[in-house]
Amino acid sequence: MHINAMHWAQVEERVKQDDRCILPIGSVEQHARISLGTDMILAEKVSLDAAEPLGVPVFPVLPYGLASSFADFPGTVSLSLRTYIGVIEDILDSIYRAGFRRILIVNGHGGNAPAGTVVSEWLNRNRDASVKMHDWWRAPQTMGKVLEIDSRASHASWMENFPWTRLEGVQQPEHAVERIDFGAMARVDAGRKRALLESCEGNYHGLFERPDADMLAIWDVAVRETRFELENGWH
């Protein structure tokens, strides 16, 4: 259940019976020829699909994350680390005040990894809570399904090109991209990163698109794996 479909009194009653919720977090950044909002779209949708049969509330996705590597691509929005820390802490504090004690953070962007450290510190101040970080796209079963279909897969490649991240009227290239030089990317600023990526349009490795049957097979695994995290392993 999207929490937008609830009013405050319903939330108050819900947490008396079940103190679980989901917070999706994403990013707005270049994704080759698919949506700039890919990471936020996928994080929120996999959360909603996983939570639906359980009735667990899903908060609106935090759209902005840490995307400094793509700062020179128009449309990318990147928070500073100091801002991001504060935003994550404030959101967790608000969710906690509402009564939720088991919080599944579904992350859609690798650059958001520092949120894990923020969570660790936050838990030391809120010791009756349990928070899990779930990077949905690289969770073991989901990534296993991706690699089973095509091992050439990475950021902005076919593995993120779902029907709900695709843009109407935008044609996808038919060729596959060779794996980028991650070492070279790590050594330079956003401007030179863009120059390194322009020949592949921001796709890190592989095809730009695969058949929908492949994508839906991956999505089925991702939803089930996210639901498992929601149902199991709390402390």
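Which residue forms a salt bridge with Asp-220? Arg-224 does, the closest N and O atoms being 3.2 Å apart. The views below show this pair and its surroundings in a predicted model, where local features need pLDDT of at least 70, side-chain atom pairs count only at pLDDT 80 or more, and totals for chains, interfaces and linings use all residues. Residues are numbered from 1 along each chain as its sequence is written, and side-chain values use heavy atoms, with hydrogens and water left out.

**View 1. The three-stranded sheet.** Three strands form an open sheet in the order β1-β2-β3, with parallel pairing. Strands (E, at least two residues) and helices (H or I, at least four) are DSSP runs, numbered from the N terminus. Two strands pair if DSSP finds at least two bridges between them. β1 (20-25) and β3 (130-135) are the edge strands, each with a single partner, so one side of each has no neighbour in the sheet. From one strand to the next, the twist averages 20°. Angles run from 0 to 180 degrees between N-to-C directions, with axes fitted to C-alpha atoms, for helices over the stretch in contact. β1 and β2 pair over six bridges; Cys-21 stands opposite Ile-103 in β2. Strand β2 (residues 102-107) also pairs with β3 over six bridges. There, Val-106 has His-134 as its bridge partner.

**View 2. β1 under cover.** Six of the six residues of β1 are buried. Buried means under 20% relative accessible area, exposed over 50%, and partly exposed in between (1.4 Å probe, protein chains only). Arg-20, Ile-22 and Pro-24 lie on one side, and Cys-21, Leu-23 and Ile-25 on the other. In a regular strand, side chains alternate between the two faces of the sheet. Helix α2 (residues 38-51) lies across β1 and β2, at about 160° to β1. Ile-22 touches Ser-47, Val-58, Leu-104 and Leu-230, among others. Contact means heavy atoms within 4.5 Å.

**View 3. The buried face of α4.** In helix α4 (residues 115-125), the buried residues are Ala-115, Val-118, Val-119 and Trp-122. Down the helix axis they fall within an arc of 100°, so they line one face of α4. The arc is that of the directions from the helix axis to the C-beta atoms. These residues pack against β1, α3 (81-97), β2 and β3.

**View 4. Salt bridges.** The whole structure holds 20 salt bridges, each a side-chain nitrogen of Lys or Arg within 4 Å of a carboxyl oxygen of Asp or Glu. Arg-102 and Asp-18 meet at 3.4 Å, N to O. Arg-102 lies in β2 and Asp-18 in the loop between α1 (8-17) and β1, so the pair ties together parts 84 residues apart in sequence. Asp-18 is buried at 10% relative accessibility, whereas Arg-102 is partly exposed at 24%. Asp-220 and Arg-224 sit four residues apart in helix α8, separated by about one helical turn.

Key:
Lists of a residue's contacts leave out its neighbours within four places in sequence.
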